[in-house]
Amino acid sequence: MTSSNAVKDEAWTALGECSAFSPGIHIVTLQQGSVGLAVLDGRFIAFFPYCPHLGGTLSRPEVCGTIITCPFHGWRFDLSSDGQEIHGYRPLKIYETRIEDGLILARIKR
Amino acid sequence: MSSMPDLSYTRVYESVRSMGIMLAPAKLKWETEVRRDFPSSEYLIHLSCLAHFTPHVAYLAQSILAQIGINAPILGGPEACCGTLAHHMGDHENFEQGAKMGLGAIKRSRTRTLLSVCPDCDESFNRFMPENASFRSRNVVELLTDHRETLVRAFKPLSRRVLLHSHRSNASRTNDMDKIITMLSMIPGLTIAEAPSATVADVPHCSLPFAMQPDRQQAMVQDGIQAGFDTLVVPYHSCYRQHCGLEFRNNIRVCHYLELIADSLSIPYEEPYKAVKQLPSWSKIVEFFAERSARLNWSIEDLERMIEYSFFPYATDKKHLEELRMHR
């Protein structure tokens, strides 16, 4: 999905209309790169869309609750716990999100 | 561990990770990542995904090489997957990306030779190996054969009549088989015959998608016993997983070819998988792993989930699982 890339301020980036995202995992393509967006139990969680292990794309992870599994080597990240890897490996980078005027915004730090 | 979902990649990787930890010999160590301080070495052993069910194979490869002065660290864990898992699942996009990421990690290790124990890894890595690669991938038996003159001086006699379970589905597997026969033929006291190739073209070994049917397994062993063989030797860990249980229903030992080489070199090792496979009930399996599990601070629920994933992977639902448990 490609967003309008509207920037509300210097730190926050709009990923798109909340209503445009169905439950599951999405990859939003922005000018400055891609952002992962999980819609889980009505929550929006934005994340860096590449596994911190070897950089595998997290566009099609397996999802169980708030835990996503990288399909390449099985690292598992709890999106509700700051992206912690459940075996103790490096965490997935999670971006702060907020909703404003029906838009989902993420504070993206590369 | 935490709760594990009923999903395929997750199931396989968690069982690989768990079984590797549970079944590995105490002395067997492997790295799961190539970090900056990764030991630079001419040779690197690749401990592939399902080889974690039989980690003694990698242990024996490393120990045998050590006997001839070759140090080879091990890269393992599900983190070392060659991509074949995705291939078997029909996920070709992830197959290629996974294989290439694996090759990239191996390149960063600065090794010159990747030593494989798995035919799937051989096929996967060689398929995606770049032309200008800084290393090459070989099955470990090739390196052993290179050093056979050194090894033969250390071989002690073994009095066994060996039926070799065979895979000659393509040139690579045929090369492996020829070299395994070369190595075993150098052990004094062994009589060796090769069983008919177990698989058809392009099926490299007895892995889950290409398993030998039980009646064919039994026929292979019975033919061997009637011909006077006392040992069934397999070339790959996957064949070992499938056939090792035949030992308990037939008067024949089933072993990996590296076990025979290790026996001839008086290298001690443990192999618990065969014993686990023969346990008669769910409770016995839980009991077997209980102490190891407790050392890892796993809950009984974690342990039972690991057993389910590792030994009952085809349970479709709880009712089916209970039936499998009861009839085990």
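A residue counts as buried under 20% relative accessible area, as exposed over 50%, and as partly exposed in between. Asp230(B) has a relative accessible area of 28%, so Asp230(B) is partly exposed. The model discussed here is predicted.

Arg160(B) is the salt-bridge partner of Asp230(B), with the closest N and O atoms 3.9 Å apart. Arg160(B) belongs to strand β5 (residues 160-166) of chain B, while Asp230(B) sits in the loop between α9 (214-226) and β7 (231-234) of chain B. The pair therefore ties together parts that are 70 residues apart in sequence. Arg160(B) is also partly exposed, at 24%.

## Other salt bridges

Over all chains, the count of salt bridges is 23. One of them joins the side chains of Lys274(B) and Glu247(B), at 2.7 Å from N to O. Lys274(B) is in helix α12 (residues 273-278) of chain B. Glu247(B) is in the loop between α10 (237-243) and β8 (253-256) of chain B, so the bridge links parts 27 residues apart in sequence. Lys274(B) is buried, at 11% relative accessibility. Glu247(B) is partly exposed, at 23%.

Glu259(B) pairs with Arg253(B), and their closest N and O atoms are 3.6 Å apart. Glu259(B) is buried, with 3% relative accessibility. Elsewhere, shared partners join Asp122(B), Glu123(B), Arg173(B) and Asp176(B) into one salt-bridge network.

## Around Glu123(B)

Glu123(B) lies in helix α5 of chain B. Its relative accessibility is 30%, so Glu123(B) is partly exposed. The side chain of Glu123(B) makes a polar contact with that of Asn170(B), at 2.9 Å. Thr84(B) is 39 residues away along the chain, yet the C-alpha atoms of Glu123(B) and Thr84(B) are separated by 8.8 Å.

## Aromatic pairs

The whole structure holds nine aromatic pairs over all chains. In one of them, the ring centres of Phe95(B) and Phe128(B) are 5.1 Å apart. Their planes meet at 80°, so the pair is edge-to-face. Phe95(B) is in helix α4 (residues 92-108) of chain B and Phe128(B) in helix α5 (residues 119-128) of chain B. The pair thus ties together parts that are 33 residues apart in sequence. Both Phe95(B) and Phe128(B) are buried.

The rings of Phe288(B) and Phe289(B) are also edge-to-face, because their planes lie at 85°, with centres 5.2 Å apart. Phe288(B) is partly exposed, at 27% relative accessible area, whereas Phe289(B) is buried, at 0%.

## Charges over rings in chain A

The charged end of Arg98(A) sits over the ring of Trp12(A), 4.4 Å from its centre. The charged end of Lys93(A) sits over the ring of Phe48(A), at 5.7 Å from the centre.

## The interface of chain B and chain A

In chain B, 25 residues are in contact with 22 residues of chain A. The area buried between the two chains is about 2000 Å², with carbon and sulfur atoms giving 49% of it. Glu33(B), Glu79(B) and Met101(B) supply 26% of the area that chain B buries against chain A, more than any other three residues.

Four salt bridges cross this interface. Among the salt bridges of the model is that of Glu93(B) with Arg60(A), whose closest N and O atoms are 4.0 Å apart. The interface also has 15 residue pairs in polar contact. On the chain B side, α1 (8-23) and α4 are the elements that give two or more residues. The largest share, seven residues, comes from α4(B).

How values were computed: Residues are numbered from 1 along each chain as its sequence is written. Chains are lettered from A and ligands numbered from 1 in the order in which they are written. Side-chain values use heavy atoms; hydrogens and water are left out. Rings of Phe, Tyr and Trp (its six-membered ring) pair if their centres lie within 6.5 Å; planes under 30 degrees apart count as stacked, over 60 as edge-to-face and the rest as tilted. Helices (H or I, at least four residues) and strands (E, at least two) are DSSP runs, numbered from the N terminus. Buried means under 20% relative accessible area, exposed over 50%, partly exposed in between (1.4 Å probe, protein chains only). A charge sits over a ring if NZ of Lys or CZ of Arg is within 6 Å of the ring centre and within 35 degrees of the ring normal. Contact means heavy atoms within 4.5 Å. Buried area is the accessible area (1.4 Å probe) that two parts lose on being put together, summed over both. A polar contact is a pair of N or O atoms within 3.5 Å; within protein, one must be able to donate a hydrogen and the other to accept it, and residues adjacent in sequence count only if both atoms are side-chain atoms.
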